[in-house]
Amino acid sequence: MPAANPLATRIRSALAERDAQGLYRHRQAIQRLDGGQILVDDRPYHHFCGNDYLGLAESSRLSDAWKRGLRRFGAGSGASPLVTGHHQAHQQLEQTLCQWLGFERALLFSSGFAANQAIIHALMQKSDLLLQDRLNHASLQEAGHLCPATQARFKHNDCDDLARRLQSAAPEQAKLVITEGVFSMDGDRAPLADIAALCQQHRAWLMVDDAHGCGILGQQGRGSCDAAGIQPDLLVVTFGKAFGCAGAAVLCGHDLAEYLTQFARHLIYSTALPPAQACAIGEAIEVITQEPWRQQRLAQWQQLLQARLDSAIPLCHTDTPIQPLMVGDSQRALALSEALRRKGFWVSAIRPPTVPAGKARLRITLSAAHSQHQVQQLADAINEAWHEQ
């Protein structure tokens, strides 16, 4: 009998181990998204775990803009940005982003994951120091581990720890500090003003991934950096959260944009975003800046949820749409998620390795698409389910 293939054996072993740990992941086909609800297996659920914070994923304004783009540009870009994939719609979106967020240049990417990896791999060299917040997104952590620079992770939102690490670096060493504006799993915000001051003091560049802050915080939804009164050297914004679309952009100075155009492989060798999608993203920016009621409604729902939950329930009170309910044990998090599902609420359990061991949670997210009644019903369902467990 022939020996088992080593790769097949490795895969089966890894899957069995993940299942035994109670950490096996599953996908679920969603039939429809409609006004804060999803349809799954022909049953409607109130949806409280997505990233469509402003309710734009189903906006008629965005879909109409996408349709106009389809009629003008077709379904795809046809090539990478440096061949013939950079269309007028892309150029207009980049200009709009620069005017809105106050940067010299913007470059579009297929995803925030690609944008983060492109920057780190193109910019960091062997003699450099890369300092990252310990809770940064997996795309940032992975790129840091794989790039040739020396990477160190400072304690979460701890400026004293960051200062010590910057002070121990050689003055002439190239240094890049990376943090998120709003952290995706905890919903808390980075102390950006203090971090920016440290970077300036130690001649380090600052990069902010504001995937979960842009569109939500700051004047006209300009994001975490605007709210903190700073401008980083690099800003990454993604369009799959508050913008209701997909894709990402890197905002920076002219020279760095030219450098990335020459050396960022994720940009050079990837097919450009469909230009119709760029049209929809441009429309999303108009909605974000013209309809402040969406951000105001989010703030109302945050206060309502926090006030209506029993005080014994360990909800992390944040001023963002991400409201984690800390459970701790992975199996209990799954059981609580399933109990809410039986009550008609879809709230996913987040478990290791996405979050640290012992930090399993329900990642509750709010949207302007939710109604007051939905948020009240969610709080009541959590109160019941928590005490039933």
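This is a predicted model: local features need pLDDT of at least 70, side-chain atom pairs count only at pLDDT 80 or more; totals for chains, interfaces and linings use all residues.
Residues are numbered from 1 along each chain as its sequence is written, and side-chain values use heavy atoms, with hydrogens and water left out.

**Exercise 1.** Describe how helix H2 packs against helix H11.

Solution. Helices are DSSP runs of H or I with at least four residues, numbered from the N terminus. Axes are lines fitted to C-alpha atoms over the stretch in contact, and angles run from 0 to 180 degrees between N-to-C directions. The axes of H2 (residues 60–73) and H11 (residues 275–290) come within 7 Å and cross at roughly 150°. H2 is therefore roughly antiparallel to H11 (over 145 degrees; under 35 is roughly parallel, 65 to 115 roughly perpendicular, the rest oblique). Next, take the residues in contact (heavy atoms within 4.5 Å). On the H2 side they include Leu62, Trp66 and Phe73, and on the H11 side they include Pro275, Cys279 and Val287. By class, the contact of H2 with H11 has 11 nonpolar, three polar and four charged residues. Here Ala, Val, Leu, Ile, Met, Phe, Trp, Tyr, Cys and Pro count as nonpolar, Asp, Glu, Lys and Arg as charged, and the others, Gly among them, as polar.

**Exercise 2.** Classify the aromatic pairs Phe239–Phe243 and Tyr259–Phe263.

Solution. Rings of Phe, Tyr and Trp (its six-membered ring) pair if their centres lie within 6.5 Å; planes under 30 degrees apart count as stacked, over 60 as edge-to-face and the rest as tilted. The structure holds five aromatic pairs. Phe239 and Phe243 are edge-to-face, at 5.1 Å centre to centre with 75° between the planes. Phe239 is buried at 0% relative accessible area (buried is under 20%, exposed over 50%, partly exposed in between, with a 1.4 Å probe and protein chains only). Phe243 is buried at 0% as well. Tyr259 and Phe263 form a tilted pair, 4.8 Å centre to centre and 45° between the planes. Tyr259 and Phe263 lie about one helical turn apart because they are four residues apart in helix H9 (residues 254–263).

Technical notes: Helices (H or I, at least four residues) and strands (E, at least two) are DSSP runs, numbered from the N terminus.
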